[in-house]
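Colleague: Before I use the terms in your description, I would like to hear what stands behind each of them. Could we go through them one by one?

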Amino acid sequence: YETILRIEGITSQTVKRPPLLNSLCFDLYKGEIFGILGRSEAGKSTLSNILTGNYFDYSGQIYYAEELISIRDLDESKALGIYCIREKSGLLQNLDIAQNLLAVRESERKMIKIRERFSSKYPAAGRVLNRSENYIAPAKNIWDGRNYRKLRKLLDEWGLHFAASKTVSELTRIEQCLVEMLKAVISDAKIVIIDEITYHYGKDECEILEKYIERLADTGISV
């Protein structure tokens, strides 16, 4: 099995109470579905914040593709291919599905520069940051016909048969989650973190989510 991420001795630093994370260790393999169970405020979201560059007050080591790294901000997390889906949707509610998904590549030049920096600093990590076949090229006009046709094909392949012109705010919670999953695929994600999103889900929604998590894993994405 190929290890994509290794956590060694992660401990969150707190002043007035015991740490939420205390010497946490685990390996995450490519294409693996990995779950962490715990009560509310047990540190699950703290870990996701560490991996997405939103929490820095911790000790321990993070290895990506067997190289010790530090994640300083969200851009570096995205450049490494780490994508987080949270209870509050990360999609722009006033834009339609196509605008949300095609615009994901508008910051590509910035991502390329960050990936180049990581590739020079962490050669092994750089080798896993190759372009996905789902890559959608950046363009001044995000409605470029070639990109739009590729997006429509991806939506159909993933069983998302609603119109790409539908405004995100019109989608249900689970539909928004599935669009975010596809956004992660388009973003060439290597790891997708799903952070406690099922609190308001019913049984049917949970079953749909499980099906698509398995589909992500089948593509080699770790979840």
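Colleague: What stands opposite Cys84 in strand 6?
Modeller: Cys84 stands opposite Ile193 in strand 6, in a model that is predicted, so that local features need pLDDT of at least 70, side-chain atom pairs count only at pLDDT 80 or more, and totals for chains, interfaces and linings use all residues. Residues are numbered from 1 along each chain as its sequence is written, and side-chain values use heavy atoms, with hydrogens and water left out.

Colleague: What makes strand 5 and strand 6 a pair?
Modeller: Two strands pair if DSSP finds at least two bridges between them, and strand 5 and strand 6 (residues 191–195) are joined over five bridges in the parallel sense. Strands are DSSP runs of E with at least two residues, helices are runs of H or I with at least four, and both are numbered from the N terminus.

Colleague: Why is strand 5 called largely enclosed?
Modeller: Buried means under 20% relative accessible area, exposed over 50%, and partly exposed in between, with a 1.4 Å probe and protein chains only. Four of the five residues of strand 5 (residues 82–86) are buried, so the strand is largely enclosed by the rest of the structure.

Colleague: Why is Gln61 called partly exposed?
Modeller: Gln61, which lies in strand 3, has a relative accessible area of 34%, and is therefore partly exposed. Leaving aside residues up to four places away in sequence, Gln61 touches Arg6, Ile7, Glu8, Ile10 and Leu68, where contact means heavy atoms within 4.5 Å.

Colleague: Why are helix 7 and helix 8 called roughly parallel?
Modeller: The axes of helix 7 (residues 173–186) and helix 8 (residues 203–218) come within 10 Å and cross at roughly 5°. Axes are lines fitted to C-alpha atoms, for helices over the stretch in contact, and angles run from 0 to 180 degrees between N-to-C directions. Angles under 35 degrees count as roughly parallel, over 145 as roughly antiparallel, 65 to 115 as roughly perpendicular and the rest as oblique, and helix 7 and helix 8 are therefore roughly parallel to each other.

Colleague: Which residues of helix 7 meet helix 8?
Modeller: Arg173, Ile174, Cys177, Leu178, Met181 and Val185 in helix 7 meet residues of helix 8 that include Ile208 and Tyr212.
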